[in-house]
Amino acid sequence: MAVASMLCVQLGIAASTGLFDRIGPEGVAWLRLGWAGVVLLLVARPRPSDFTRSGLLACVALGVVTGGLTLLFMAAVDRLPLGTASALEFLGPLGVAVVRGRGTAKLWAASAAAGVVLLTQPWSGAADPVGVAYALGAAACWAAYVLLTQRVGDQVSGVKGLAVSMPVAALVATAVAAPSAAPHLTPQLLVAGLGLALLLPVVPFTLELLALRRLTAAAFGTLMALEPAFALVIGFVVLHQQPDVLALAGVGLVVLAGVGAERTGQRAAAVPPVVT
């Protein structure tokens, strides 16, 4: 289920790129988040009594971060190969794991840093610096997402937290993207947006929740560390983005760092993060 979730995520991102020319990356993010918010509200039907004040505030904060994460990552994918953008974005949860790690944490940080250098190849100027900045912004949002997801998971049962955070994320995306994307919407684009929302994030969220009930935090985190590699494969197969040898080595180093850091950076109270 965790592997299927990662495939859905990367296929959803790859499919999203097909709409960039029509409504832009921020418009695609808006469509996805808007439909996801509607679907989760209808499925979970949250009530005020389901939340404490601190739990509700955590859900709202999670929604703001989710909106930022989605908008920034879509902007990065518009400028960078999918594998590169995904590996840079993964530095967020990797950083959280390294900070929480013990003993060899600095070794994994060094591996990740070397991977980033190989991916961006600053000596060649090949990587779009604005795209790299977007991806690193998404990484920072993903780090906050991990921490806030854990807090929401501790205070809110089931998917009710997502039924609040996702509509908030949709509102954030609306404020950013609606002015430019709304005039270009058509019924066909709305239907495509619903399909993308199911592919990412509705189905992956559900699969991850089911996987978390059957896997330990270490096993789940290790599997999620493979996501940049999945992104590289999907980028090659679906988007025909051919990485060079250095980029392949860079993704490998980031994945290695993710696996190592997840094994040494678990929380004491095991409520594993839900990853998007």
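Modeller: A patch is made of residues with over 30% relative accessible area and no salt bridge; like charges are joined within 9 Å, and nonpolar side chains (Val, Leu, Ile, Met, Phe, Trp, Tyr) within 5 Å. A salt bridge is a side-chain nitrogen of Lys or Arg within 4 Å of a carboxyl oxygen of Asp or Glu. Accessible areas come from the Shrake-Rupley method with a 1.4 Å probe, and for residues only the protein chains shown count as cover.

The model is predicted: local features need pLDDT of at least 70, side-chain atom pairs count only at pLDDT 80 or more, and totals for chains, interfaces and linings use all residues. Residues are numbered from 1 along each chain as its sequence is written, and side-chain values use heavy atoms, with hydrogens and water left out.

The patch covers about 550 Å² and is made by Val-3, Leu-7, Leu-11, Val-233, Phe-236, Val-237 and Val-238. Two helices, α1 (2-16) and α11 (227-237), each supply at least two of its residues. Helices (H or I, at least four residues) and strands (E, at least two) are DSSP runs, numbered from the N terminus. Phe-236 belongs to helix α11. With a relative accessible area of 45%, Phe-236 is partly exposed; buried means under 20% relative accessible area, exposed over 50%, and partly exposed in between (1.4 Å probe, protein chains only).

Helix α1 also has buried residues, namely Ala-2, Ser-5, Met-6, Cys-8, Val-9, Gln-10, Gly-12, Ile-13, Ala-14 and Ser-16. The end C-alpha atoms of α1 are 21 Å apart, which agrees with the 21 Å that its 15 residues should span at 1.5 Å a residue. The expected span of a helix is 1.5 Å times one less than its number of residues.

Apart from its neighbours within four places in sequence, Phe-73 is in contact (heavy atoms within 4.5 Å) with Ile-13, Leu-82, Ala-85, Ser-86, Glu-89 and Ala-138. Phe-73 counts as buried, at 5% relative accessibility.

Ala-138, among the contacts of Phe-73, lies within the span of helix α7 (residues 129-155). This helix has 27 residues and reaches 39 Å from its first C-alpha to its last, close to the 39 Å expected at 1.5 Å a residue. At the start of α7, a side-chain oxygen of Asp-128 comes to within 2.8 Å of the backbone nitrogen of Val-130. Further along α7 is Thr-149, which is buried at 10% relative accessibility. A polar atom of the Thr-149 side chain lies 2.7 Å from the backbone oxygen of Tyr-145.

Side chains of opposite charge can pair when their charged atoms come close. The structure holds three salt bridges. In one of them the side chains of Arg-79 and Asp-128 meet at 3.2 Å, N to O. Arg-79 lies in the loop between α3 and α4 (82-89) and Asp-128 in the loop between α6 (105-120) and α7, so this pair ties together parts that are 49 residues apart in sequence. Arg-79 is partly exposed, with a relative accessible area of 41%, and Asp-128 also counts as partly exposed, at 23%. Salt bridges that share partners join Arg-47, Asp-50 and Lys-160 into one network. Within it, Asp-50 meets Arg-47 at 3.8 Å, N to O, while the closest N and O atoms of Lys-160 and Asp-50 are 3.7 Å apart. The latter pair links distant parts of the chain: Lys-160 is in helix α8 (residues 160-181) and Asp-50 in the loop between α2 (20-44) and α3 (53-77), 110 residues apart.

As for the whole chain, there are twelve helices and zero strands. Buried residues make up 53% of its 276 residues. The accessible surface comes to about 11,900 Å², of which 69% belongs to carbon and sulfur atoms. Among contacts between residues at least 6 apart in sequence, 90% join residues at least 24 apart.

Methods:
A polar contact is a pair of N or O atoms within 3.5 Å; within protein, one must be able to donate a hydrogen and the other to accept it, and residues adjacent in sequence count only if both atoms are side-chain atoms.
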